[in-house]
Amino acid sequence: MSTITKVTKAVMDQVDERFDLTPVIEKNLTRKRVPRTLSWAGCFGGLAFLIFCIQIFTGILLLMYYKSDSERAWDSVTFIKSNVPMGWLIQRIHSVGANFMIALVFLHMARVAYLRIFRKPRELHWISGSVLLITTTMLAFTGYLLPWTQLSYWGAKVGTEIPSAVPLLGEYIVLLIRRGPSISGETLGFFFAMHIWVLPAISVLVMVMHFLMIRRTGISRPL
Amino acid sequence: MTSCPCNHGAGPLGEAGENLRASDSLQSSRRGFFHACIAMMTAIAGFIVAFPVFSFMRLPKRINTAKSIELPLADLKEDQALFFEREGIQVVLIYTNRQPKAFDAACTHLGCLVSWDQNEHVFRCPCHGAVFDDQGAVVKGPVNVPLKKVKFEISKSVLVIA
């Protein structure tokens, strides 16, 4: 234990001599000051972010075996669940984690709305947070189709029906997001690309802005 | 007026100084205890995360791994080649002069898979141009080791590679 401490200290001393990193870490992480009135409910956003990180991590693991092909998608998920060591656990964490993430995002929003934290100067926090709510929901929706089960197929069918309510363009939007008149292998490929690259990339970008804004304005404290 | 029981090396201390030292050492042992607790909990949490992840990286169970290849002789056609995978090895089966022959299809040079040229009755390697005849012997190329033969049996007009 003490050798680990010594080695860490020796390395950090060398790093500090060059980058003066320790004060930065202390100011932003280990000795970061938060308002005394901040309750545990202030953790909801951070917990949602933690689950997002878990989703990224388990998602990368699942990606090693998942095949985004309508012929093989179900088989590959079954293979992960029954043949890959601990695959059942990783797959379950990824699917249940999505529910937890949405629940936490809603709790976070409910607190911000109830305490009226969204008021000036934090309007853009709320707007960027709304974008994150949309990307989170879209991530969950696109991920739901990927196992290619009856549930996911009909879920996607019903979900992609929603934009048809848009006046004039509705039917065309439905065609665009289904990549054709019905849910097919093309839909699966489109949802897969959205799920693993487009939506996570947008989410990460908006999250970075969301967090930087909070750092700039500071955590809200009640009057 | 006694010296500190922990023997810090300081001389006789006053009442206040002694108390300070005693509470200091209590504080630091408490701190050490909590450090140990935190380290242990971190180690347990790390194990709980690391175990499934490292397990996931292990080789998965494969189902339907063919133990042996069985092929009725009636399915074989003169001058034709058939490729099978058996336990990670590509096996090529040819039928020339009414004789079946089986080889490991990996070229003995650098392991590329040979293809069967049915017009000239030779195996050709796509990588460096090695050529083998229908007995697996080297005709030409950068290698002088013949193709590896694969053993098979024929029972009741069914060819079996065990």
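Let's start with confidence in chain B. In this predicted model, confidence in chain B is lowest in strand β1(B), residues 69–72, at a mean pLDDT of 81, and highest in strand β6(B), residues 122–124, at 93. pLDDT is the predictor's confidence in each residue, on a scale from 0 to 100. When I say helix or strand, I mean DSSP runs, H or I over at least four residues for helices and E over at least two for strands, numbered from the N terminus.

For chain B as a whole, the mean pLDDT is 82, and 80% of the residues reach 70 or more. Over residues 6–11 of chain B, though, pLDDT stays under 50. The model has five contacts for that stretch beyond four places in sequence, a contact being two residues whose C-beta atoms, placed from the backbone, lie within 7 Å. Where pLDDT is low, the predicted coordinates should not be read in detail. For the complex, the predictor gives an ipTM of 0.78 and a pTM of 0.78.

A word on bookkeeping: residues are numbered from 1 along each chain as its sequence is written, and chains are lettered from A and ligands numbered from 1 in the order in which they are written. As for thresholds in this predicted model, local features need pLDDT of at least 70 and side-chain atom pairs count only at pLDDT 80 or more, while totals for chains, interfaces and linings use all residues.

Staying with chain B, what is it made of? It has one helix and 10 strands. Of the 162 residues in chain B, 10% count as buried. Buried here means 20 or more other C-beta atoms within 10 Å of the residue's own, exposed means 12 or fewer, and partly exposed is in between, with C-beta atoms placed from the backbone. Among contacts in chain B between residues at least 6 apart in sequence, 33% join residues at least 24 apart.

One residue to look at on your screen is N97(B), in the loop between β3 (89–96) and β4 (99–104) of chain B. It has a positive phi of about 50 degrees although it is not a glycine. N97(B) counts as exposed because it has 9 C-beta neighbours inside 10 Å.

Now over to chain A and its helices. Helix α5(A) covers residues 87–114, and its axis comes within 10 Å of that of α6(A), crossing at roughly 160 degrees. Axes are lines fitted to C-alpha atoms, for helices over the stretch in contact, and angles run from 0 to 180 degrees between N-to-C directions. α5(A) is therefore roughly antiparallel to α6(A); the classes are roughly parallel under 35 degrees, roughly antiparallel over 145, roughly perpendicular from 65 to 115, and oblique for the rest.

Which residues meet there? From α5(A) we have A98(A), M101(A), I102(A), V105(A), M109(A) and V112(A), and from α6(A) W126(A), G129(A), L133(A), T136(A), T137(A), A140(A) and G143(A). By class, that contact has nine nonpolar, four polar and no charged residues. For the classes, Ala, Val, Leu, Ile, Met, Phe, Trp, Tyr, Cys and Pro count as nonpolar, Asp, Glu, Lys and Arg as charged, and the others, Gly among them, as polar.

Between those two helices, the loop has a couple of backbone features. R116(A) sits in the loop between α5 and α6 of chain A, with a positive phi of about 55 degrees although it is not a glycine. R116(A) is exposed, since 10 other C-beta atoms lie within 10 Å. P121(A) lies in that loop too, and the peptide bond from K120(A) to P121(A) is cis, with omega near 10 degrees.

Next along is the pair α6(A), residues 123–145, and α7(A), residues 150–161, whose axes come within 7 Å and cross at roughly 135 degrees. These two helices are therefore oblique to each other. F141(A), Y144(A) and L145(A) of α6(A) make the contact with S152(A), G155(A), A156(A) and G159(A) of α7(A). Its residues are four nonpolar, three polar and no charged.

Last, how do the chains meet? Eight residues of chain A are in contact with seven residues of chain B. On the chain A side, α5(A) gives the most, with three residues. That side divides into six nonpolar, two polar and no charged residues.
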